[in-house]
Amino acid sequence: MRRAGTWGVVLALAGAVAVAGCGGSEGANVEPDERPVVVPDSGTPDASVPDAGQPDAGRPDSGTPDSGTPDSGIPDAGPQPLPAEAYPTLEGWRFVGPEAGGPSEMLDVATDGSGNLWVAGGEDGLFLLRKTASGYAERFERFTMADGLRPYGYMPDGSAPPGTKYLKVISVEGGPGSATVFVGYQGKPPPAGAYDCENNWDGPNPDPSIYKSGDADRVTLTSSGLQVVHYDIFSGPGVVAREPQGRERICNIYRLAYDPATDTIWFGANHGFARGDGHYPGNPTCNGQMSCWGGEEHTHPAIAGCSDSDHNGNCNGESPGPVTDRYFGIAPTGNGDVWFGGANRSVKFLYGSRNRNYWKAASETEDFPYAANRLDIWPDPFYEVQPNGEPTYYTPKMRDDDNVSAMALTPDGGAYVSSFNHGLRVLNASGNLAGDLTDKLLNPYLTAMAYDSSGDTLWVGYWWGGGISRMSGNGSGATHLFQSLGALGGHPVYRLRVDRTGGGRRVLAAFGALQDKSGGKAGALGIYTGP
């Protein structure tokens, strides 16, 4: 059966948050020798509730969306496209989807410097809707591995890893220049009984077709096709003292954010986040050495805890390790610092404030003296504080994970933060709670959010039963586009962006596929050019 899930394993239930070490025995504190042997100096690195009339999507539990759509729910043909006449007629909006050659899933959308629209289409690949003099083209163009996309890294000699390759495009971000985007992938799903891409490297039977899968590309549109440079996000042999054989943890790139102030592409991923040089030329034989792979990996505002798989209230003899997962929130501040929001904790990563010294900013994210920097936006109900001041969450019952789904910069340098299951809060520039806008929403299950400086507006998208809401930045008023979206009102909104490329302003909305009793309805891209 064809799997037509959302982000697949990207959206695991909150009770199944990863507990993974950067070397098998890592605690919430990252000791200095877990970082690369050669630490760069302080200079710039080298290199709303639904009515009865809407589709019944099923009310979600308290966690993030389930880890993939069940195989039995969608037939082999996949989600069926909505006919063009079924799209809502809303002033200022255009909707386009598979009927125009687009993917059945719209997981992310971004623009390049020329205003072209790029869509992350999951297993269908990467899609382009070209900008024209009168708006946008009538049909999408599709790109896959046959066109040069590379959802896998390199073996030490620069060759491709053995085994069947897997393509699932889950994120996209505009890059430098007129025709460049960054593309993020999901790692290859493992067979039954095998370790996934995060843990496969350290498992009993490492499979390079799994542990080398995922990561990201920089893709440039040329007159003859695509020019692709791959970011193989790992540390090679001898780079990390406690993991001398190397480490392969980062693979699922949920969100990307390009910061022109530092020419940095930020990777929001499973387990942690990482940094890449925006103009990295690529080096297939680098083998994860810091001098040539094109960035630094990885950092996480982890907490100490255990997986407690049977939920019986104890650790079952398991030693607490770092609890860290799913960094969907990324918001550059403009001075080189970046807000990152994860499943468990968030942080203001002080990359710019520390003179672009990644490892200094990493220390102030991870180490014991900086526990206050690891932000618990929706506070946990209980924890134990160790003598060193570090809280330890022995079981999931002691936690109420934040499950951040998006972040956006506020006008004063703080951050709007949405959650898959908690709603919407506001942080000030210091990371303190400055507001809670959840009571203005149709429901607290948010999958997307973006700030629009035109009229101080927030756009929010719902996972279940809500469509899109448009609200003032201070929460004083809201307009809910739910029933007016018709059939699309029940679809998850996976991404919202406010785009000003080439002048003017437009809001982009990526609607995902909706599983229903008929087998499923495909998603669509919404383009709003109204006031």
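Let's start with R345, which is buried, with a relative accessible area of 4%; buried here means under 20% relative accessible area, exposed means over 50%, and partly exposed is in between (1.4 Å probe, protein chains only). This is a predicted model, where local features need pLDDT of at least 70 and side-chain atom pairs count only at pLDDT 80 or more, while totals for chains, interfaces and linings use all residues. Residues are numbered from 1 along each chain as its sequence is written, and side-chain values use heavy atoms, with hydrogens and water left out.

What does R345 pair with? Its side chain meets that of D376 in a salt bridge (3.4 Å, N to O), meaning a side-chain nitrogen of Lys or Arg within 4 Å of a carboxyl oxygen of Asp or Glu. R345 sits in the loop between β19 (338-341) and β20, and D376 in the loop between α2 and β21 (384-385), so the pair ties together parts that are 31 residues apart in sequence. D376 itself is partly exposed, at 23% relative accessible area. As for those labels, helices (H or I, at least four residues) and strands (E, at least two) are DSSP runs, numbered from the N terminus.

Now for helix α2 (residues 358-366): eight of its nine residues are buried, so the helix is largely enclosed by the rest of the structure. The cover over those buried residues includes β13 (264-269), β14 (273-277), β15 (295-299) and β20 (346-349). At the start of α2, a side-chain oxygen of N357 comes to within 3.2 Å of the backbone nitrogen of W359. R354 is in the loop between β20 and α2, 10 residues away from E364.

Elsewhere, K212 and D232 make another salt bridge (2.9 Å, N to O), and both residues are buried. The structure holds 22 salt bridges.

Key:
Contact means heavy atoms within 4.5 Å. A polar contact is a pair of N or O atoms within 3.5 Å; within protein, one must be able to donate a hydrogen and the other to accept it, and residues adjacent in sequence count only if both atoms are side-chain atoms.
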